[in-house]
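I opened this notebook to record what I looked up, one topic at a time. Each entry starts with what I wanted to know.

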Amino acid sequence: MSKPEDTDTLKSDPEQPENKDGGALEAKMSLLNGCTVIVGSIIGSGIFVSPTGVLKYTGSVNASLLVWIASGIFSMVGAYCYAELGTMIRQSGADYAYIMQTFGPFAAFIRLWIECMIVRPCSQAIVALTFSTYVLKPIFPECDPPEDATRLLAACCILLLTFVNCWSVRAATRVQDWFTYAKLVALFIIIIAGVYQLCRGQVQHFTFEGTTSDVTSIALSFYSGLFAYNGWNYLNFIIEELKDPVRNLPRAIAISCALVTVVYTFTNVAFYTTLSPAEVLGSAAVAVTFAERLFGVFALCIPLFVAASTFGAVNGILLTSSRLFFAGAAQGQMPEMLTMVSARATPAAAVLAVALLSLLYLTVSDIYALINYVGFATWLSIGAAVLCIPVLRYTKPELERPIKVNLFFPIIYIICTILVVAVPALASPAETGVGCLMILTAVPIYLLLLEPRTRIGSLGVITDGATHLVQKLTLSVRPKMK
């Protein structure tokens with residue numbers, strides 16, 4: 001019997017045009033497409049979850065609004081720095097590729113490990129929990145939904161979308177398209193209602209009363225705010241498919257980040273025209289409480305739209321994360337089984353890996369602890385990617401730089417990142433310790449499995465057996481590459 005990897009070549013999707021360049025990516029994305037990628041990646045569950053976290057740590061409405069604006073500006077500075085990196089190193093993988101070229105394979109593996117083992121599955125768990133909270137809130141209008149029911153429904157959401165992504169890439173992208181419309185409708189309804197309330201003079205909650213002076217609390221508030229802006233760097237992951245990246249990448253970044261900052265700020269303003277700080281802090285689903293106060297019998301529309309929004313966000317994270325696992329495996333820094341493609345031309349093994357990790361994170365019931373885990377790992381690794389700019393200016397001055405940012409911006413960004421990462425460690429040492437332990441698990445994995453001088457050779461038999469088992473279970477083969 002032939003080995004699983006010797007199976008006949010997979011048939012391509014009949015709805016996908018054949019690529020005559022042997023799988024090379026084609027630049028088909030316009031400036032508008034680039035903007036929609038960034039906006040669609042940023043707007044997920046954060047705007048519906050983070051208002052509570054930001055207000056909790058700032059202490060007042062006006063201070064929380066300043067944090068939302070500052071988080072948007074902070075993300076724009078980081079995105080501006082990524083414009084130089086993206087036009088200088090035009091490779092898929094974004095910061096993974098930048099760190100690989102600047103600091104070598106070990107540092108790149110740590111970044112890949114953080115993204116694949118912490119950030120992506122943890123983010124998916126957060127969004128899935130948000131989805132289940134908004135679905136169950138109308139059933140439990142007078143109290144918070146039971147934690148076990150919330151986690152169970154979140155697990156069902158992840159498993160359903162895992163099936164969709166294993167079944168067909170086309171089906172997964174259709175889910176993404178339609179549910180993206182829902183999130184935009186929900187936000188516009190909230191903003192329009194907020195404008196109406198402002199016209200009625202509902203501004204009594206907009207004060208600095210109760211603002212905290214604790215630096216660590218303010219830094220923790222940025223974790224929740226920056227979580228909502230997570231995704232501004234996703235266009236860099238697919239820069240090879242963007243037309244005229246030197247011109248369109250910085251424009252797409254500027255337009256999208258400015259738009260999202262305005263939308264997020266006005267959405268928060270809308271919440272506080274109707275809800276008091278105490279009501280926001282006491283609500284597990286801020287948008288639902290807002291709708292119940294304003295829309296009466298039509299209040300059910302908001303949790304449905306928000307649930308649809310977060311459902312689509314879970315799908316988007318699963319869709320992109322599985323490709324990141326696949327890309328890491330193709331570079332030899334993740335298990336070979338994750339490169340396998342099923343008979344339906346989907347990376348089924350990689351999809352299942354993301355889903356299983358996300359289900360593991362669902363065992364953590366405190367959603368704000370999850371946000372802090374993600375914030376610590378995300379901003380630490382993004383700060384390392386921005387550090388590539390001054391390092392490459394010194395070590396590789398000969399590289400072509402179509403966009404050359406003033407070093408003031410990456411230096412300021414790195415300093416702010418250090419503060420955002422280090423200061424909360426004093427306030428939440430346990431959560432930071434968990435994040436550090438998660439990151440440090442990359443070191444023995446790299447030494448034992450990847451480093452040629454120290455890796456365990458006998459594991460090859462075990463990994464080969466596991467790869468063959470996964471191939472049989474998922475009906476997958478290794479894709480042919482030139």
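**Entry 1: the chain as a whole**

I began with burial. Buried residues make up 53% of the 482 residues in the protein chain. The model is predicted, so I keep in mind that local features need a pLDDT of at least 70. Next I looked up the secondary structure. The chain has 18 helices and two strands. Then I checked the surface. Its accessible area comes to about 21400 Å². Carbon and sulfur atoms account for 67% of that area.

**Entry 2: the nonpolar core**

I asked which residues have the most contacts inside the largest nonpolar core. They are Y82, Y98, W232, Y264, F290, F325 and W379. The core itself has 127 residues. Helix α5 gives the largest share of this core, 14 residues.

Y82 sits in helix α3, which covers residues 61–88. Is Y82 buried or exposed? Y82 is buried, because its relative accessibility is 0% and the cut-off for buried is under 20%. I then listed its contacts, leaving aside neighbours within four places in sequence. Y82 touches D95, Y98, W232, N233, N236, L249, I382, A385 and V386. I also checked one distance. Y82 and I403 are 321 residues apart in sequence, but their C-alpha atoms are 9.9 Å apart in space.

Y98 came next. Beyond its neighbours within four places in sequence, Y98 is in contact with Y82, L85, G86, I89, N236 and C388. N236 is among the contacts of Y82 and among those of Y98.

F290 belongs to helix α11, residues 286–294. I listed the buried residues of α11: V286, A287, V288, T289, F290 and A291. After α11 comes G296, and its phi is positive, near 60 degrees.

**Entry 3: aromatic pairs**

I counted ring pairs. There are 15 aromatic pairs. I looked at F109 and Y446. Their ring centres are 5.6 Å apart and their planes are at 45 degrees, so the pair is tilted. F109 is in helix α5 (residues 105–136) and Y446 is in helix α17 (residues 442–449), so the pair ties together parts 337 residues apart in sequence. Both F109 and Y446 are buried.

I compared a second pair, F163 and W167. Their centres are 5.8 Å apart and their planes are at 25 degrees, so this pair is stacked. F163 and W167 are four residues apart in helix α6 (residues 147–167), which means about one helical turn separates them. I noted the reason behind this: an α-helix has 3.6 residues a turn, so residues three or four places apart point the same way. W167 is partly exposed, because its relative accessibility is 44%.

One cluster also turned up. F106, F109, W113 and Y446 form one aromatic cluster.

I looked up S221 first. S221 lies in helix α8, residues 215–229. Its relative accessible area is 0%, so S221 is buried. Leaving aside neighbours within four places in sequence, S221 is in contact with V54, Y57, T58 and V67.

Then I checked G316. G316 lies in helix α12, residues 301–330. Its relative accessible area is 13%, so G316 is buried. G316 and T180 are 136 residues apart in sequence and 9.5 Å apart in space, C-alpha to C-alpha.

**Entry 4: a patch and a turn of the backbone**

Which residues make the nonpolar surface patch of about 680 Å²? They are Y80, L407, F408, F409, I411, I412, I415 and L419. Helix α15 (residues 408–427) gives the largest share, six residues. L419 lies in α15.

D244 is in the loop between α8 and α9. Its phi is positive, near 45 degrees, in a residue other than glycine. I wrote down the background: most residues other than glycine have a negative phi. D244 is partly exposed, because its relative accessible area is 41%.

Notes. Residues are numbered from 1 along each chain as its sequence is written. This is a predicted model: local features need pLDDT of at least 70, side-chain atom pairs count only at pLDDT 80 or more; totals for chains, interfaces and linings use all residues. Side-chain values use heavy atoms; hydrogens and water are left out. Buried means under 20% relative accessible area, exposed over 50%, partly exposed in between (1.4 Å probe, protein chains only). Contact means heavy atoms within 4.5 Å. Patches are made of residues with over 30% relative accessible area and no salt bridge: like charges are joined within 9 Å, nonpolar side chains (Val, Leu, Ile, Met, Phe, Trp, Tyr) within 5 Å. Accessible areas come from the Shrake-Rupley method with a 1.4 Å probe; for residues, only the protein chains shown count as cover. A salt bridge is a side-chain nitrogen of Lys or Arg within 4 Å of a carboxyl oxygen of Asp or Glu. Rings of Phe, Tyr and Trp (its six-membered ring) pair if their centres lie within 6.5 Å; planes under 30 degrees apart count as stacked, over 60 as edge-to-face and the rest as tilted. A nonpolar core is a set of buried Ala, Val, Leu, Ile, Met, Phe, Trp, Tyr and Cys residues joined through side-chain atoms within 4.5 Å.
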